[in-house]
Amino acid sequence: LLLDESGGGLVQPGGSLRLTCTASGSTLAYYAIAWFRQAPGKEREGISCISRQGGITYYTDSQKGRFTISRDNSKNVVYLQMDSLKPEDTAVYYCAAAPASWECGQFDTWGLGTQVTVSS
């Protein structure tokens, strides 16, 4: 399984971005997928996770109501819709997969990340 993030960029405060995590080399439906981020000088933090079939989603409190995770297993993609972006959302965003047939929890496959910068 390989993961590739896309959709990052520069956006003004209050704006929106949709990140895409595209899987290759295996069937995405086998994997729970999470989004993480890491800002300069800070530890990596989890943002959200979605179960293999999309029926269960998790969010950290700071992103609830602003970020939405979804997936389309027919296209081998997971999305992270980010609205009402703030400067403190600036970070490199990563998607990660749990081991095959596991649900959200531990993750052992990572993409290379996509930069999100929120600035006026």
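Start by selecting Arg37, which has its place in strand β4. Strands here are DSSP runs of E with at least two residues, and they are numbered from the N terminus. Before you go further, note that this is a predicted model, where local features need pLDDT of at least 70, side-chain atom pairs count only at pLDDT 80 or more, and totals for chains, interfaces and linings use all residues. Residues are numbered from 1 along each chain as its sequence is written, and side-chain values use heavy atoms, with hydrogens and water left out.

Is Arg37 buried or exposed? Arg37 is buried, at a relative accessible area of 8%. (Buried means under 20% relative accessible area, exposed over 50%, and partly exposed in between, using a 1.4 Å probe and protein chains only.)

Now show the side chains of Asp89 and Tyr93. Arg37 has a polar contact of 2.8 Å with the side chain of Asp89, and another of 2.9 Å with the side chain of Tyr93. A polar contact is a pair of N or O atoms within 3.5 Å; within protein, one must be able to donate a hydrogen and the other to accept it, and residues adjacent in sequence count only if both atoms are side-chain atoms. Setting aside residues up to four places away in sequence, Arg37 also touches others, including Glu43, Gln63 and Phe67; contact means heavy atoms within 4.5 Å.

**Next: the core**

Select Ile33, Trp35, Val78, Leu80, Met82 and Tyr93. Of the 25 residues in the largest nonpolar core, these touch the most other members. Such a core is a set of buried Ala, Val, Leu, Ile, Met, Phe, Trp, Tyr and Cys residues joined through side-chain atoms within 4.5 Å. Elements giving two or more residues to this core include β3 (17-24), β4 and β9 (91-97). Apart from it lies another core, of seven residues, with Ala32 and Phe107 among them.

**Next: the rings**

Select Phe36 and Trp110. They form a tilted aromatic pair, 4.7 Å centre to centre with 50° between the planes. Rings of Phe, Tyr and Trp (its six-membered ring) pair if their centres lie within 6.5 Å; planes under 30 degrees apart count as stacked, over 60 as edge-to-face and the rest as tilted. Phe36 is buried at 13%, while Trp110 is partly exposed at 29%.

What lies over the face of Trp110? Arg44 does, at 4.0 Å from the ring centre. Then jump to Arg18, whose charged end sits over the ring of Tyr79, 4.1 Å from its centre. (The rule: NZ of Lys or CZ of Arg within 6 Å of the ring centre and within 35 degrees of the ring normal.)

**Last stop: the disulfides**

How many disulfides does the structure hold? There are two disulfides, each a pair of cysteine sulfur atoms within 2.5 Å.

Select Cys21 and Cys95, whose sulfur atoms are 2.1 Å apart. The torsion about their S-S bond is about 70°, so this disulfide is right-handed. Cys21 lies in strand β3 and Cys95 in strand β9, so the pair ties together parts that are 74 residues apart in sequence.

Finish with Cys49 and Cys104, with sulfur atoms 1.9 Å apart. Their S-S torsion is about -95°, so this disulfide is left-handed. Cys49 is in strand β5 and Cys104 in the loop between β9 and β10, 55 residues apart.

Note on methods
Helices (H or I, at least four residues) and strands (E, at least two) are DSSP runs, numbered from the N terminus.
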